[in-house]
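Welcome, and thanks for taking a look at this one with me. Below are the sequence and the structure, followed by my notes.

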Amino acid sequence: MEMPTRRPKMRHVREVMRMHRKACVPMREIARLTGLARSTVRDMVVRFDRSGLAWPVPSEISNIDLEGRLYGVSGVKPERRKLPEPDWPVVARELKRKHVTLQLLWKEYRAEHPDGYRYSRFCDLFRRWEGRLPLVMRQSHAGGEKLFLDYAGDTVPVVVDRRTGEVRGAHIFVAVMGGLSLSFALATWTEQFHDWIAGNNAAFAFFRGVPELLVPDNAKVAVIKACHFDPQVNRSYTDMARHYGTAILPTRPRKLRDKAKVEACVGIVERWL
C-alpha cells in the first residue's frame, strides 16, 4: 500500500528553492540546513520544475496557491474522479413506499448516471448515511415470546375456473416469530373473522406451538377499538387466545415500528408472491 506524501510547509519550498536556484547549495546541505530529508528536498525540486513556475516565485502567488501547484488540492486523492452522489434523503423517503427496494433505486440512479457507483458501493454509502441518523429504540425479542400477525395489503390473483378464466383475489395472512424471524404465510379468500382465526390456527400448527403473546395489527377483525392504553379486542378472538393459554397485545395505532418484523415479511410477500 502506497503511503501518502507528507506535505512540507510552503515556507520550506521557498527557502529550498532560494538555496537551490540562487545560492546553488547541494541538496545534501539543503537538507541539513532545513532539517528536511534529502528525498523530500529532491521531490520538492522536481515538483517545482514540473509545475512550470518561474523563479523567483511571483509575490501574488500565495502559499495556498503554491501548495496547489506542487501537491494538488488538499484532501483529494490524485487520479480519483468524483462520482455523482445520490440524494440520500430522497432515497430513504422512497424506500418507505410500497414495493420499493434499494436495488430498484440504484437502477434508477444508474439510468441517470451511467458512470455512477456500482450497487455494492451504493448500498454501503447509503448504510453509512443512514447510520448517522438519530437512533431509535432497538427492540429485543425472546424466543417464543411474540407472534406478529397481519394481512398483506396486496392480493394474489388466483384462477378459480380454467374454462372461463375467472380470477379471484386471495388475501395473504402473514405471521412472524419475533425471536427467530421464522415466517408463515397463508392465502385466504377474505380477511373476515373466520379466515383470521383459521390463519392463527394454521400458524400455530406450522410453528408447532403457541407464543406467549399474539401481536396483531389494529384491524377490525381483531381489535374493535384501538387504544394505546386499553384496546378493546374482539371477544371471540380473546376466547381463542384464552383457549390456547396465550394473550393478545395489539400494536399502538399508527406505530409501524411496533410490528417491524411482520411489516418486513409483508414487504417480501408483496414483492415475490
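This is a predicted model: local features need pLDDT of at least 70, side-chain atom pairs count only at pLDDT 80 or more; totals for chains, interfaces and linings use all residues.

1. Residues are numbered from 1 along each chain as its sequence is written, and side-chain values use heavy atoms, with hydrogens and water left out.

2. The overall picture. The protein has 10 helices and 8 strands; here helices (H or I, at least four residues) and strands (E, at least two) are DSSP runs, numbered from the N terminus. Of its 273 residues, 33% are buried, where buried means under 20% relative accessible area, exposed means over 50%, and partly exposed lies in between (1.4 Å probe, protein chains only). Taking contacts between residues at least 6 apart in sequence, 59% join residues at least 24 apart; a contact means heavy atoms within 4.5 Å.

3. Strand β3 and its partners. Two strands are said to pair if DSSP finds at least two bridges between them.

4. Who faces whom. Tyrosine 151 has phenylalanine 173 of β3 as its bridge partner, and valine 158 has arginine 168 of β3. On the β4 side, valine 174 stands opposite alanine 185, and alanine 175 stands opposite phenylalanine 184. As background, side chains in a regular strand alternate between the two faces of the sheet.

5. Two hairpins. β2 and β3 form a hairpin with 4 residues between them, and glycine 165 in that turn has a positive phi of about 75 degrees. β3 and β4 form a hairpin with 5 residues between them.

6. Residues with positive phi. Most residues other than glycine have a negative phi. Serine 181, although not a glycine, has a positive phi of about 65 degrees. Serine 181 sits in the loop between β3 and β4 and is partly exposed, with a relative accessible area of 36%. Arginine 208 is also not a glycine, and its phi is positive, near 60 degrees. Arginine 208 lies in the loop between α8 and β5 (213–216), and it counts as exposed because its relative accessibility is 80%.

7. Aspartate 150. Is aspartate 150 buried or exposed? Aspartate 150 belongs to strand β1 (residues 146–151), and it counts as buried because its relative accessible area is 9%. Leaving out residues up to four places away in sequence, aspartate 150 touches Ile172, Phe173, Val174, Trp196, Asp217, Lys259, Val262 and Glu263.

8. Helices α8 and α9. Helix α8 (residues 193–207) packs on helix α9 (residues 235–244) at an angle of about 20 degrees, with their axes 11 Å apart. Therefore α8 is roughly parallel to α9. Axes are lines fitted to C-alpha atoms, for helices over the stretch in contact, and angles run from 0 to 180 degrees between N-to-C directions. Angles under 35 degrees count as roughly parallel, over 145 as roughly antiparallel, 65 to 115 as roughly perpendicular and the rest as oblique. The contact is made by Phe193, Trp196, Ile197, Asn200, Asn201 and Phe204 of α8 with Ser236, Tyr237, Met240 and Tyr244 of α9. By class, this contact has 7 nonpolar, 3 polar and no charged residues. Ala, Val, Leu, Ile, Met, Phe, Trp, Tyr, Cys and Pro count as nonpolar, Asp, Glu, Lys and Arg as charged, and the others, Gly among them, as polar.

9. Helices α2 and α3. Helix α2 (residues 27–34) and helix α3 (residues 38–51) pack at an angle of about 115 degrees, with their axes 9 Å apart. Therefore α2 is roughly perpendicular to α3. Met27, Arg28, Ile30 and Ala31 of α2 make the contact with Arg38, Val41, Arg42 and Val45 of α3. By class, the contact of α2 with α3 has 5 nonpolar, no polar and 3 charged residues.
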